[in-house]
Structures are given as C-alpha cells and as structure tokens.
Amino acid sequence: MSDLNATVKPTDSGFAVCGYEKIEYDFTFLDGVFSPSNPQLAECYKKWGRVFCIADTNICSLYGAEIAAYFAAHGLPLTMHKTKIGEKAKNMDTMLSICEAMTEFGIIRKEPVLVVGGGLITDVAGFACAAYRRTTNFIRVPTTVVGLIDASVSIKVAVNQGKHKNRLGAYHAPIHTFLDFTFLRTLPESQVRNGFAELIKIASCAEKRTFDLLDQHCTDLITHKFGRSSDAPKGLMAAADEINRRGIHRMLELETPNLHELALDRVIAFGHTWSPTLELAPETPLRHGHAISIDMAYTTTLALMKGIISPEVHTRILSLFSRAGLAIDHVLFDEVLLAKGTDAILKTRDGKLRLACPAPQIGECVFLNDLPQSELDAALRLHKEYAGKYARGGDGVDAYVDSSDTGVEMSEVGGMPVFDDVRGKVEARLQAVPAMMKGMAN
C-alpha cells in the first residue's frame, strides 16, 4: 500500500510528489499444503468465504480432486478456472481469458486469487491480477522446480509478445507463497532437470555451498525428485531441503532491495543475457532451463577466454550442466543470434551489457561491459569447441517443450521434437555427434 505520509510540495513550475510503496509478502514451507490437516492456506480465505483458483489442466487432472476436497473440508466453496499454458500460450489472449474468468466469478477488490501451477502460469495469472482493476491480490502455490525456487522469489509477472520473451509485464507481489515440494513427486524428470538450471544459476554466482551440494548429488536430485520420490536414497531429502532453502534465501537477499529492478547489475541475471532470444528461436521453444544453461555455459567460456576464471572453474561448471543433462550449446546459437540477443539486452539494460559472470571463483560474481562483437564471436567459436567434447555434443536431454506445453503437434528427429525450420540443422548436429563423442568429458 502507498505510504500515507507521502508529500506534495509546490514548485516554481508546478508540484513535486514524493511517496513510497510498502511491499510485504510471505513465504511458508509446507509439505502437504492441500492436506486437510494443514489449515494455513484455507485460513487465508476464511474472510471471503470462497475461493477462486486458476490452475493449468495438468494440475487439475493430478490434484483437482485433492484441492476441491481440501477446501470442502474447510467449508469453502471452490471455483476452478482451468487454463492451458505453455510458452506458445504465454500471451495476452491467455491473460485476457483469465481476466474474463475473474469478472465472471465477481472477484472483490482485495479478494486474493489462488494461482496453482508452474512458473508459466504464475507469470500469466500474476500479470492478469496486476492488470485487473490495476491491482488484485493473489496467492501462489508453485508446483514445479522453476516455480518453487525461482519464479516464486521474484515479483515480476509477464507474458510473451511474439518471439519476445516476457516483453509485456508488471511488478506485482503476491500476498503469500506456499512452497510445497511434494508436488515434485508427480513432476516429469524433464521438468525437474529444467528447474535444476535455476539452482546452478544462483549457486555459481552467489552460493558456493549450494553449488557443492548440487555437484555432489546432481543425478540423484533429478532422478529422485529432490528426495521426494519413495525410493530416494537416505539423506537426499535433507540435502535437497538445504539446497532449496539456501538458494531461495540467497535470491531473496539479492532481489529484495531491488524488486523493481532499478539497479540493473543483477547477479541473478546470470544466464539471462542471450537466452531470452534463444529460448523462443526454434519453432518448438527450448525449455527455459536449457536456454539459460547454454547462456551460462557460454558466459563461463567467455570468462575463461578473458582470463578471469581458471580452467578448473570452467570445467567444473560445464561438467555440472552436462551431468545434469542440461544443454550447453545449440545449433541456433550462432553469431547472428548472438548479435541479435546482444542488441536486445542492451535496450533492456539501459545501453550496457552488464554481463554477470561466476568469477573469479564459484560463488562469486563480476559484471562485464564494453565487449566488442568480435570478442563475443571469438568466445562463441571457442565455446563450441569445448561443448563438442561433452556428452551429446553439448545438447541437452529433453531440451524442448513438449506438445502439452505448446498445444501444437510436433515431429521428432533423434528423439527431439522439432519443426522444419530447424530439422536440417538438428539432423546435421546429430550426425556429427559420434565424432564429437571421441574424447567426451562427463
């Protein structure tokens, strides 16, 4: 809410207004948020006597009955708006359809909308709440790794505009976020891997202990859903919980003083310089985690070329991406896309590159500016040499969103969903992989 002590002062030419907006929002770690024995979420709606929930079709299918039973147990009528959200549908049409559903329900000005789902749905539904009556409260229950440890931290909400990632949006904080990691039990392994990249992001530049834990438990964390699967090794859940709490806490420490991004040198922008252009470049978009992994891996190679990190640091970071099954290169990540992405991000970052790099050591960060295109191109050529020595020639496992995300049919080349615009390049890359695998690093 706005500070009631805001001032208005006459000036020679008019008036000067000075006021502040106080932003408060809370996080609760709560496994079993929809268990009737946990009343915390229901208590947020007792005042209103009803619940309007936005969730994607997958969540409705997996948890719809459980959600309905939860609110019924607490005497709260539930209205559920089902929406299908993927990068292809992360647009104004989807956002406006949510607004129409809010109108039909009759949302009261400060009544909180409940948003349940991954980072995509919390982005789009959050933007709808920001726009509806200029501001409508909402409560987040993220259900994916990206949603739990990354999207939940920020107050940014957005939709895509054409091929432009998150071009239209707002800064709009939820009043509360419930973090329930038991949702990961039903999350496909490809989506767990997708979110793993966001943890590497914050760990590489700002949380060395978290990086060490990710490195130690890498494949187990992905295979056993951060310790939530029934056959998880002993002690894995404790390690996962430490990773998640440390990662979220560190991101909050970095973001909270800069919620509206007034300061543009942002540590957590590591991996988000060229990835916004790359992610939507293929007809079938890359998963966000793979796009930022390519960006982070390339940035790490650039840091190596400039001599600000050691070969050991470079190898350790790229090896972690590769072991996790995350992409470190892509056939469309070429000099043309690099230049296009640089041009786009310079506009976003007020004319400077502000490139976050994990240097000089893992867990530390420096920012690079004034890099000529020739130097960026040279680093890209070097990076592709390194990437070709890693598993799969640097490609990721399940790197593309699937048909349920896009809402369109896909064909496959070598097990990867592709369209005709990238088919030739992908086929060529796959044919080259056997040669690249000689001397492969883990």
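A crossing of two helices is called left-handed if the near helix is turned anticlockwise from the far one by less than a right angle, and right-handed if clockwise. By that rule the crossing of H7 and H11 is left-handed. Helices here are DSSP runs of H or I with at least four residues, strands are runs of E with at least two, and both are numbered from the N terminus.

Before going on, the basis. This is a predicted model, where local features need pLDDT of at least 70 and side-chain atom pairs count only at pLDDT 80 or more, while totals for chains, interfaces and linings use all residues. Residues are numbered from 1 along each chain as its sequence is written, and side-chain values use heavy atoms, with hydrogens and water left out.

Back to the helices. Two packed helices are described by the angle between their axes and the distance between the axes. The axes are lines fitted to C-alpha atoms, for helices over the stretch in contact, and angles run from 0 to 180 degrees between N-to-C directions. Helix H7, residues 208-223, packs with H11 at an angle of about 40°, the axes being 10 Å apart. That makes H7 oblique to H11; angles under 35 degrees count as roughly parallel, over 145 as roughly antiparallel, 65 to 115 as roughly perpendicular and the rest as oblique. Contact means heavy atoms within 4.5 Å. On the H7 side the contact includes Phe211, Leu214 and Cys218, and on the H11 side it includes Ile317 and Leu320.

The other helix pair is H6, residues 189-206, with H8, residues 236-255: their axes come within 10 Å and cross at roughly 65°. H6 and H8 are therefore roughly perpendicular to each other. This crossing of H6 and H8 is also left-handed. Residues of H6 that meet H8 include Leu199 and Ile202, and their partners in H8 include Ile243 and Met251.

Next, the rings. Rings of Phe, Tyr and Trp (its six-membered ring) pair if their centres lie within 6.5 Å; planes under 30 degrees apart count as stacked, over 60 as edge-to-face and the rest as tilted. The count comes to 12 aromatic pairs. One of them is Tyr70 with Phe71, edge-to-face, at 5.0 Å centre to centre and 80° between the planes. Tyr70 is buried at a relative accessible area of 0%, and Phe71 is buried, also at 0%; buried means under 20% relative accessible area, exposed over 50%, partly exposed in between, with a 1.4 Å probe and protein chains only. Tyr298 and Phe333 form another edge-to-face pair, 5.4 Å centre to centre with 80° between the planes. Tyr298 is in helix H10, Phe333 is in the loop between H11 and H12, and they are 35 residues apart. Both are buried. Ring pairs also link Phe34, Tyr45, Tyr63, Tyr70, Phe71 and Phe183 into a cluster.

Helix H10 also holds Leu302, which is buried at 0% relative accessibility. Beyond four places in sequence, Leu302 is in contact with Leu355, Leu371, Glu375, Leu376 and Ala379.

Last, the backbone. A cis peptide bond joins Ala359 and Pro360, with omega about 0°, and Pro360 is in the loop between strands S11 and S12. Which residues other than glycine have a positive phi? Lys225 has one of about 55°, and Asp370 has one near 55°. Lys225 lies in the loop between H7 and H8 and is buried at 13%. Asp370 lies in the loop between S12 and H13 and is exposed at 76%.
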